[in-house]
Amino acid sequence: MAEQFDLVIIGGGPGGYGAAFYAASAGLSVAIVEKDKMGGTCLNRGCIPAKAFLETAAVYRHVDHSADFGIESSAPTVNFAVAQARKQKIVDGLVKGLNGLVKARKVTLYVGSGSLGADRTVTITLDEGGEAQAQGKAVILAAGSVPRTIPNFDRGGPIMTSDEVLMLDYIPPTVAVIGGGAIGCEFASTFADLGSKVTILEGLPKILPGLDGDVANVVVRSFKKKNIDIRTGVMVTGHTPNGNGGTTVHFGPKDGESENLDVDVVIVSVGRRPYADELGLQNTGVKVSDRGFVEVDEFCRTTEDGVYAIGDLINTPALAHVGYAEAILVVKQVLGENPMPVMYDKVPWAIYCHPEVAFAGPDEEAARALGHDVVVAKHQYRGNSRAQIIGETDGLVKVIAKKNADGSAGQVLGVHMVGPWVTEQLSGGYLAVNWEATVAEVAEFIQPHPSLTELFGETMLSLTGRSLNT
Ligand SMILES: Cc1cc2nc3c(=O)[nH]c(=O)nc-3n(C[C@H](O)[C@H](O)[C@H](O)COP(=O)(O)OP(=O)(O)OC[C@H]3O[C@@H](n4cnc5c(N)ncnc54)[C@H](O)[C@@H]3O)c2cc1C
């Protein structure tokens, strides 16, 4: 006999645990199935460890520039084993916290691999041996994703995906990052700041595709200052181990001459693929697309009644906080409420490389492509007092607003930022975009002085046709 629950969730990442805790807080009986550690990719092999490494890189930069602030110190040296241990302590502490919440919220945790059968019944192959069954009035599939790989670059030795890189306890002297997306750029930034010679190999004409052009330019300039070699429009074809633990990467333009790059470590960062492999969906009514995503409608409903899918398993922005939002969307439906679908075109995006990037809503080009007549303002951090105080003046804030009939700036469409701590500064811009506020409304709000967020306030104010400092 299967144990009965209001909700059974497969996968204990942000999507899965978000759903479990939200549902439990609303009084539902919940079971969650996780075959590895609670926290999923984000906590164990993604967001959290990657940001812990980036913080180590930030500390290195501070110490390296401490003389500018009147603090004399010797040149910093890196003990990355300590950084690795620090990262692991943070991760372990947070995993422990999640396991504590599982108990506190009286969520039943099955440790093992779950697969879906008929009538929303999940069969769990338990880690401790044997099987268990749990039937839910609703089931959420939240099995997440795994790193994509590319032909001729099998994992092992110097060929690493994010999973292996995040376990490193030394800084490789030379690194090739294949793929100039958000995750690739975070690793490039980390290792370049910590002394590696980094080369990014990207097939597209530019790194960080999808970013506003002005924002991407700032990142590219800063990366060049860090001596990161950015090679765009190149394809990697294979590699030859060099006998010293490293390897020679072969790459070049599609129809051009091949080049060789000898490196200690290759980070393959070419995206992630949904991981439905163990869910047993072939025996169910749940459809999976050619690309491996579980197919859902705008309410995260799969093609089988009462079965939902969320997070990286579906074809929506692969972000932990999107997983949380989808979790809440589904649980509200299970509770009989009528929630609004997630507005994917307005979710917050954050890239934690140095300088950081954060945005919500369309960039200038996308806004125009959507048919909007727009007014744009952008202002640089170099004029901002707090940016000068902290010694981080590269970057800008750009606001894209609808143009009113009289030519003035109306509704805020997009807010795009690059520079110091912008991932912590986006919330005002995110609210403006999602509240569908006008420039005039947002310009009324006061920003503390001196602060980095003043630049956001000033950029909005300047769109009203008047300004203070900018
Ligand atoms: C290096 C890196 C950095 C990132 N940085 C950020 C960031 O800064 N911000 C951000 O928002 N996102 C970031 N992401 C993306 C983020 O990690 C994912 O979007 C997020 O983890 C997706 O959550 P999820 O719950 O859908 O899946 P996952 O986190 O992948 O969790 C799925 C869980 O399901 C389990 N599972 C799978 N199949 C089964 C099964 N059959 N039975 C039982 N358990 C199963 C897995 O073991 C896993 O624990 C980053 C990712 C990487 C790799």
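Buried is under 20% relative accessible area, exposed is over 50%, and partly exposed is in between, with a 1.4 Å probe and protein chains only.

A quick word on what we are looking at. This is a predicted model, where local features need pLDDT of at least 70 and side-chain atom pairs count only at pLDDT 80 or more, while totals for chains, interfaces and linings use all residues. Residues are numbered from 1 along each chain as its sequence is written, and side-chain values use heavy atoms, with hydrogens and water left out.

What is Ile9 in contact with, leaving aside its neighbours within four places in sequence? The list is Gly16, Ala19, Ala20, Val30, Ala31, Ile32, Val33, Ile140 and Ala142, where contact means heavy atoms within 4.5 Å. As background, nonpolar side chains in soluble globular proteins tend to be buried together.

Ala19 takes us to another spot, by way of Lys332. That lysine sits in helix H8, residues 320-334, and is partly exposed at 27% relative accessible area. Lys332 and Ala19 are 313 residues apart in sequence, yet their C-alpha atoms are 9.8 Å apart in space. Not counting residues up to four places away in sequence, Lys332 touches Tyr22, Glu337 and Pro339.

Let me zoom out to the whole chain. The secondary structure comes to 13 helices and 21 strands; these are DSSP runs, with helices being H or I of at least four residues and strands E of at least two, numbered from the N terminus. The radius of gyration is 24 Å, close to the 23 Å that the globule rule gives for 470 residues, so the chain is as compact as a globular protein of that length. That radius is taken over C-alpha atoms, and the rule is 2.2 Å times the number of residues to the power 0.38. Along its principal axes the C-alpha trace spans about 70 × 65 × 50 Å. Buried residues make up 51% of the 470, and 62% of the contacts with a separation of 6 or more are between residues 24 or more positions apart.

Which peptide bond is cis with omega near 5°? That one runs from His354 to Pro355, and Pro355 lies in the loop between strand E17 (349-351) and strand E18 (356-360). The bond from His449 to Pro450 is cis too, with omega near -5°, and Pro450 is in the loop between helices H12 (439-443) and H13 (454-463).

Two positive phi values to finish. Lys106 has a phi of about 55° although it is not a glycine; it lies in the loop between helix H4 (80-104) and strand E3 (108-116), and is exposed at 71% relative accessible area. Trp421 also has a positive phi of about 55° without being a glycine. Trp421 is found in the loop between strand E21 (409-419) and helix H11 (422-434), and counts as partly exposed at 46% relative accessibility. Thanks, everyone!
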